[in-house]
Amino acid sequence: MRFSGLRVLREGLTGNKGWTPHWRDPEPKAEYDAIIIGGGGHGLSTAYYLAKKHGLTNIAVLEKGYLGGGNVGRNTTIVRANYGMEGNSQFYSHSLKLWEGLEQDLNYNAMMSQRGVLMLCHSDGQRDAFARRGNMMAAQGDDAELLSAQSVRQMLPYLDFENTRFPIYGGLLHRRGGTARHDAVAWGYARGADQRGVDLIQQCEVTGIDIENGVVKGVQTTRGAIRAKKVGVVVAGRSSQVAAMAGMRLPIESHVLQAFVTEGLKPVIDHVISFGMGHFYISQSDKGGLVFGGDLDFYSSYAARGNMPMMEHVMEAGMTLMPMIGKAKVLRSWGGIMDMTPDGSPIIDKTETKGLFINCGWCYGGFKAVPGSGDAFAHLMATGEHHTAAAAYRLDRFRIGAGLMDEEATGSQHNLH
Amino acid sequence: MRIDCPICGLRDRREFYYQGAASMLARPAPGTGVDVWDDYLHLRDNPAGALEELWHHDAGCGSWLVVTRDTRTHEISKVALAADTKQAMGALS
């Protein structure tokens, strides 16, 4: 089944009775060429690119819950490539290019909306850092515009410019950034992978990884043992536990990050805006809700819910930046469990076990990475070689002292992120 | 979340600063090699369940505490002074 304008029109006129399920619900086979553990955004995109680019179709995605039920469904849907930092910048640039062709590639409406991402600066030093970042982004072929305070004022008159503590000095505008419909991204990749023969197996929890003489042989699951020559672990938030099944300890702590959405309002915020001093970011969904978030809770947590002190902190930052949102009613909040690495950057690498690969450590920024991560991980699993865009995401970089500082630049210590 | 500081009593979570797993107290000797230090500085057990962690009562008495907390429910089963824990570790070794 392909989507087209004509098809949508025809279904609309005939009661929408012709739509069929987007993917099959197969029984797990006894053996596959490759298994992906984790049916989230990154796992599904890995399966899709393995099938599409590398012709590997005898593969299965194993998901303990339902497809897209993890962090791809628990984020603030922001897509951007405004890092300007060696190692990360190239990767997110690659990922954004994949985002730009995603809907055509998948024949699926992911509601990709390049509405622009504006990062505000509040000091001379921060403005200088943004100028440098913008130059690096432009030098590698991406877009960046440094805006003066006056330009920002014309664009977003509703911000509190005269704030005595954090006056707005200007901003770095990245027009190609924006948002996408998070669930649709997972569904589009799932459908694309399924159409190429990938078995998407839900309600199938991996309980063990079979390793013989340092070579992976398959996995144990709640639906029986499944053999495979290659196994990829993509289970953000639970990476430590799945890796422990293979006898590994990872440079990861799991933390919760909260996000919030208000009642539906008339269109008021046209962009994604981030408040550099408060680590607050906000956009408005196509349905009208203001979607916003802030810092993580700063202590290890597997409770997929937030805490009140951080909720208060985020609301304060929002009110400081744009007092007009004070009357909007918050409808709900949610929390995602994230892998926090010491440097805030991800890991896409082989492990010491032959045939076992790991993709983890996406910290608070996994959503925008979904296409790039899947592409790079599929490349690594299929060819054994690192994808050039993700070549810096090595597992051993902390041991050898080659950590990649992320954009928060808070240092190589877990709890500082 | 409230933490029962052995010196100050039950206090709001906002009075405390989180440092991470209490394995940090077991600092390796200098010269024990890259792998031991990598393990100490970067690798984590990261359990979904009971975890011993270091909290600093920075807006209170200034003590470092070893707090045993369930990372799934935030239920705290034990709070001890890190100084006592460190002393006990020294007595063991």
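Entry 1: the annotated span. I counted helices as DSSP runs of H or I with at least four residues, and strands as runs of E with at least two. The model is predicted. On that basis I examined residues 35-78 of chain A and found the span to be 32% helix and 18% strand. Its end C-alpha atoms lie 29 Å apart. I took the span from UniProt, where an unreviewed entry places the feature "domain: Rhodanese" at these residues of chain A.

Entry 2: A:Arg7. I located A:Arg7 in helix α1 of chain A, which covers residues 5-13. Is A:Arg7 buried or exposed? The relative accessible area of A:Arg7 is 16%; the residue is therefore buried, since the cut-off is under 20%. Leaving aside residues up to four places away in sequence, I listed what A:Arg7 touches: A:Met1, A:Arg2, A:Gly18 and A:Trp19. I also looked up the separation between A:Arg7 and A:Gly70, which are 63 residues apart along the chain, and noted 31 Å between their C-alpha atoms.

Entry 3: A:Thr341. I found A:Thr341 in the loop that lies between β16 (330-340) and β17 (347-350) of chain A. A:Thr341 counts as buried because its relative accessibility is 0%. Which residue has its backbone oxygen 2.8 Å from a polar atom of the A:Thr341 side chain? I identified A:Ser345 as that residue.

Entry 4: extent of the interface. I then turned to the two chains together. In chain B, 28 residues are in contact with 28 residues of chain A. Between them the chains bury about 2,200 Å², with 46% of it on carbon and sulfur atoms. I noted that B:His42, B:Arg44 and B:Asn46 supply 28% of the area that chain B buries against chain A, more than any other three residues.

Entry 5: How many salt bridges does the rule find across the interface of chain B and chain A? I recorded 4. B:Asp45 forms a salt bridge with A:Arg249, and their closest N and O atoms are 2.9 Å apart.

Entry 6: the chain B side. I listed the elements of chain B that give two or more residues to the side touching chain A: β3 (17-21), α1 (34-41) and β4 (50-56).

Conventions. Residues are numbered from 1 along each chain as its sequence is written. Chains are lettered from A and ligands numbered from 1 in the order in which they are written. This is a predicted model: local features need pLDDT of at least 70, side-chain atom pairs count only at pLDDT 80 or more; totals for chains, interfaces and linings use all residues. Side-chain values use heavy atoms; hydrogens and water are left out. Contact means heavy atoms within 4.5 Å. Buried area is the accessible area (1.4 Å probe) that two parts lose on being put together, summed over both. A salt bridge is a side-chain nitrogen of Lys or Arg within 4 Å of a carboxyl oxygen of Asp or Glu. UniProt positions are given in the numbering used here, feature names are shortened, and annotations may be inferred rather than shown by experiment. Buried means under 20% relative accessible area, exposed over 50%, partly exposed in between (1.4 Å probe, protein chains only). A polar contact is a pair of N or O atoms within 3.5 Å; within protein, one must be able to donate a hydrogen and the other to accept it, and residues adjacent in sequence count only if both atoms are side-chain atoms.
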